[in-house]
Amino acid sequence: MEFEAIPGVGEKTAKSLSELDDAERALAAGDVAALARAPGLTEGRAAAIARGAIRRRHGDDGDFLATDRAREVYRDVLSLLRERTVTTYAEKRLETLFPTASASRIEEVRAFAAEAMERDPDPAVLDALDGVASLEPASGIRVRERCLATADAERYAAAKDAFPELSVEVVEDARGLAELARSYATVVALDEEFAGVDVEGDVRVRPDAEEHPDDIVPERVLAFFAQNRGRIRAAADVHEAAGMDIPCDLDSLRDALTRLDDDGTVVGDEELDRLTNAVDDADAAVSTAESVANDHLRDAIRERDVTIEGTDFLSLVEQGARVDSLLSRELEDQYAGAVAAAREHLVESLSLRPEEADIANRIFSDDPSFPVGYDEEMLSRLRTELKAGRDRRAIRLKRELAADLSALRDPANEMVTDALELDVELAVSRFARDFECSMPEFVEGGDADDPAGFAIEGGRSPLLDVPFEAADPVDYGVSGVTLLSGVNSGGKTSTLDLVALVVVLAQMGLPVPADRVELERFSELHYYAKSQGTLDAGAFESTLRDFRELVDGETDRLVLVDELESITEPGASAKIIAGILEALDDQSSTAVFVSHLADEIREAAGFAVAVDGIEAVGLENGELVVNRSPVKNHLARSTPELIVEKLAGEDASGFYDRLLEKF
Ligand SMILES: Nc1ncnc2c1ncn2[C@@H]1O[C@H](COP(=O)(O)OP(=O)(O)OP(=O)(O)O)[C@@H](O)[C@H]1O
């Protein structure tokens with residue numbers, strides 16, 4: 001696959017993607033977790049790459065969100081969804097959802113969302129999700145006691161690539177191999193021709209090394225599991241809490257994980273512990289054993305009366321004999337007892353096995369001496385023997401555990417990926433539940449004269465500045481081009497926001513916060529927020545240029561414009577808006593223009609522009625009581641008109657009545 005052809009993928013990223021097994025499948029599936037496993041790719045980058053690949057697959061040009069305000073609404077939607085994730089992965093994965101005009105993409109996400117909405121956001125599952133994150137390749141492994149050896153330059157380069165944790169050495173012949181075997185505990189020869197070569201040391205011939213990396217470097221899989229242990233355990237907990245299918249035997253997985261230390265060493269093996277302790281304690285034990293022997297002998301001497309005949313004594317003195325000979329003559333048994341006690345102490349305190357005890361016993365000599373001393377050389381032999389035993393045991397355990405864990409690597413990856421995907425689904429499910437959503441229905445686009453537009457029943461926007469529970473449900477539908485009039489603060493802007501939100505969600509393939517929604521599949525969303533006041537000539541000109549583009553291009557757009565009149569003086573505004581409406585009407589767009597100049601625009605327009613109105617149903621304690629659902633084909637009375645009307649009712653002078661007639 002040509003990774004460079006994916007938008008935003010440079011050469012470096014393309015290279016790291018191509019190092020990934022199965023990158024094509026991951027891209028096609030938008031599998032951010034798998035993509036994030038490529039060297040040097042973060043989840044955020046992976047999400048962007050997946051988004052590009054998805055767009056390409058569905059022929060989406062990425063133009064759906066055509067204005068800043070439209071993009072803002074999408075960002076708000078993403079925030080609402082992201083707030084409902086537990087893992088960073090799910091946050092990033094949600095960014096692969098985007099509004100689009102592509103029917104196939106919408107359908108794909110709708111199928112996912114429909115399943116997601118069935119998911120039960122059980123607090124126990126959410127709790128367990130807290131510890132889950134994408135698995136990371138093991139890092140920081142450096143094995144010094146093992147090396148690879150080859151006589152072949154190509155093989156050398158390949159092995160260096162495949163086994164960055166090991167030294168790779170070039171050897172010419174058996175002699176070279178023998179030399180290496182002296183510096184490394186284990187040498188793995190890669191060339192077939194070394195089979196049967198007889199050299200001293202631990203030399204293995206493995207021409208198939210690259211196919212069995214976990215055999216050659218068991219540290220790799222051990223470090224992978226050690227470094228990702230928390231995440232894997234959490235993913236297993238998620239599976240149990242959510243009742244998901246588990247792709248391996250959990251007890252064996254958990255058991256294997258408890259046999260691993262954080263740094264990838266194997267723990268919990270009695271024999272290894274015994275050997276490790278024996279190596280560590282050997283010096284101290286010998287020194288204690290020495291004291292034991294000396295105490296023993298001292299006590300024995302103290303308790304004994306040594307009788308020696310004068311002639312014997314004289315001859316001893318004349319021979320220049322030292323106390324040793326006296327010892328050997330008179331106290332042989334006592335010495336033997338003392339040494340036996342020392343040996344017993346040594347063997348017992350180090351829990352030595354018979355072969356090891358044979359060496360240990362020779363640390364104390366059978367020849368009597370006082371004080372009792374020990375043989376340094378023998379002690380060093382014991383130490384070497386114990387160390388070798390310990391290292392053999394450790395590597396054997398590593399190999400065995402690595403073999404168990406190798407088989408669990410795929411299931412562990414699968415469990416973590418599934419748990420992370422579950423978090424994405426649960427975010428959608430919680431969104432749908434929190435905002436009482438339903439799945440929108442797409443209807444055919446209608447025809448040029450009568451676009452299908454949208455129809456919302458019981459829509460409530462989670463983006464309002466009031467709590468969601470306090471939002472009044474809004475019913476509103478538009479097909480074709482419409483003006484939306486209404487009292488100040490009646491909810492016109494909020495209505496446009498709701499329409500934009502619903503359409504963005506629907507075209508992302510997601511459920512919408514309404515009882516029922518029907519809409520056509522719009523080609524683009526153009527949403528213009530209210531301008532902050534009269535524009536200077538330059539800004540006004542560029543706004544007009546924007547609208548020139550708006551009326552020229554794709555059909556079936558949804559255009560939402562909030563109080564465009566404020567950009568310039570009212571008379572000119574009405575004429576400009578009327579002109580834009582005419583052009584939009586010609587190209588079967590659906591448009592809602594919020595305006596206080598509905599009458600003037602209608603007059604200036606060359607066709608019958610529909611006007612809907614958000615009405616105040618009255619004044620209550622000086623506050624407007626508003627019906628938030630726009631009334632179709634109804635020019636809403638303005639706030640001033642309502643107030644004049646109220647005053648007219650309270651005043652008999654006739655002044656307010658005459659004012660009222662002017663409206
Ligand atoms: N559906 C609703 N439910 C509850 N409150 C709402 C709803 N719609 C709007 N509001 C409240 O009314 C306030 C004013 O709404 P909005 O700004 O949309 O009115 P507007 O008609 O656009 O005002 P203006 O005439 O100033 O442009 C909002 O800030 C919100 O608090």
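## A four-stranded sheet

Four strands make up an open sheet, ordered β2-β1-β3-β4, with parallel pairing. The edges are β2 (167-170) and β4 (202-205), and each of these pairs on one side only. From one strand to the next, the twist averages 25°. The model is predicted.

Look at one pair in detail. Strand β1 (residues 146-150) runs parallel to β2, and four bridges join them. Ala-149 sits opposite Glu-169 in β2. Helix α10 (residues 174-183) packs on this sheet. The helix touches β1, β2, β3 (186-189) and β4. Its direction makes about 145° with that of β3.

## A loop with an annotated site

Now move along the chain. An unreviewed UniProt entry lists a "binding site" at Gly-486, Val-487, Asn-488, Ser-489, Gly-490, Gly-491, Lys-492 and Thr-493. Ser-489 belongs to the loop between β10 (481-486) and α21 (492-508). Gly-491 is also placed in the loop between β10 and α21.

Are these residues buried or exposed? Ser-489 has 14 C-beta neighbours inside 10 Å, so it counts as partly exposed. Gly-491 has 23 C-beta neighbours inside 10 Å, so it counts as buried. Leaving out residues up to four places away in sequence, Gly-491 touches Ile-614, Val-626 and Arg-628.

## Around the ligand

Which residues come nearest to the ligand? Of the 15 around it, they are Asp-472, Gly-491, Lys-492, Thr-493 and Ser-494. Helix α21 gives the most to this shell, with three residues. By class, the shell has four nonpolar, seven polar and four charged residues.

Methods
Residues are numbered from 1 along each chain as its sequence is written. This is a predicted model: local features need pLDDT of at least 70, side-chain atom pairs count only at pLDDT 80 or more; totals for chains, interfaces and linings use all residues. UniProt positions are given in the numbering used here, feature names are shortened, and annotations may be inferred rather than shown by experiment. Helices (H or I, at least four residues) and strands (E, at least two) are DSSP runs, numbered from the N terminus. A residue is buried if 20 or more other C-beta atoms lie within 10 Å of its own, exposed if 12 or fewer, and partly exposed in between; C-beta atoms are placed from the backbone. Two residues are in contact if their C-beta atoms, placed from the backbone, lie within 7 Å. A residue is near a molecule or strand if its C-beta atom, placed from the backbone, lies within 6 Å of it. Ala, Val, Leu, Ile, Met, Phe, Trp, Tyr, Cys and Pro count as nonpolar, Asp, Glu, Lys and Arg as charged, and the others, Gly among them, as polar. Two strands pair if DSSP finds at least two bridges between them. Axes are lines fitted to C-alpha atoms, for helices over the stretch in contact, and angles run from 0 to 180 degrees between N-to-C directions.
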